[in-house]
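Me: Could we go through the side-chain pairing and the packing in this one? Please start with charged pairs.

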Amino acid sequence: MQLVKSAACSRFVLFLLSLLCIFLQNLYAESNTIYPGNAPGFSSPVIAEIDGDSANGNETAIASSDGKVHVLNSDGTLRWSNSIPGSVCSLTSKNDRLYSSVAVGDLFGNGVPYLVVGFGGFRGKPCDGGVAAFKGSDGTVAWVFNLRQF
């Protein structure tokens with residue numbers, strides 16, 4: 001009986017996440033004012049304390065399929081947007097640069113939140129792929145790990 005409840009709960013959570021992705025894609029398609037760039041594609045949003053200031057509420061981060069990371073303030077306004085270094089490749093389409101969700105954490109143990117995201121497409125095998133980290137407060141690139149150079 002417990003396994004049936006667990007499976008039903010998992011399906012319900014997946015259903016809710018699907019609805020959220022559809023909502024974000026429709027919101028983007030209707031207004032194009034939420035953030036610049038392409039639709040979220042395969043990235044799920046993350047809600048966390050990203051800018052290091054808990055007084056202004058949590059922020060939302062999402063990555064778009066054209067290789068950009070976007071952070072929204074708690075009121076939905078754009079805080080910052082930045083391209084992933086190395087994600088621009090003329091050998092692939094502009095919608096085939098990112099299939100990863102953003103993760104948020106204190107990478108250096110200093111209390112400063114950073115965003116980490118994988119990049120690289122499936123169709124442009126000659127293009128770079130890897131992982132990039134951004135400072136949560138302003139989107140400054142902290143580091144990039146390039147798999148092609150590894």
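Reply: Asp 51 forms a salt bridge with Arg 79, the closest N and O atoms being 3.7 Å apart; the term requires a side-chain nitrogen of Lys or Arg within 4 Å of a carboxyl oxygen of Asp or Glu. This is a predicted model, in which local features need pLDDT of at least 70, side-chain atom pairs count only at pLDDT 80 or more, and totals for chains, interfaces and linings use all residues. Residues are numbered from 1 along each chain as its sequence is written, and side-chain values use heavy atoms, leaving out hydrogens and water.

Me: Where do Asp 51 and Arg 79 sit in the chain?

Reply: Asp 51 is in the loop between β1 (46-48) and β2 (59-64), whereas Arg 79 is in strand β4 (residues 78-83), 28 residues apart. Strands are DSSP runs (E, at least two residues), numbered from the N terminus.

Me: Is Asp 51 buried or exposed?

Reply: Asp 51 counts as buried at 10% relative accessibility, while Arg 79 is partly exposed at 34%. Buried means under 20% relative accessible area, exposed over 50%, and partly exposed in between (1.4 Å probe, protein chains only).

Me: Changing topic: which residues have the most contacts inside the largest nonpolar core?

Reply: Among them are Val 102, Leu 115 and Phe 134, in a core of 16 residues. The largest share, 3 residues, comes from β6. Such a core is a set of buried Ala, Val, Leu, Ile, Met, Phe, Trp, Tyr and Cys residues joined through side-chain atoms within 4.5 Å.

Notes:
Helix = DSSP H or I, 4+ residues; strand = E, 2+ residues; numbered from the N terminus.
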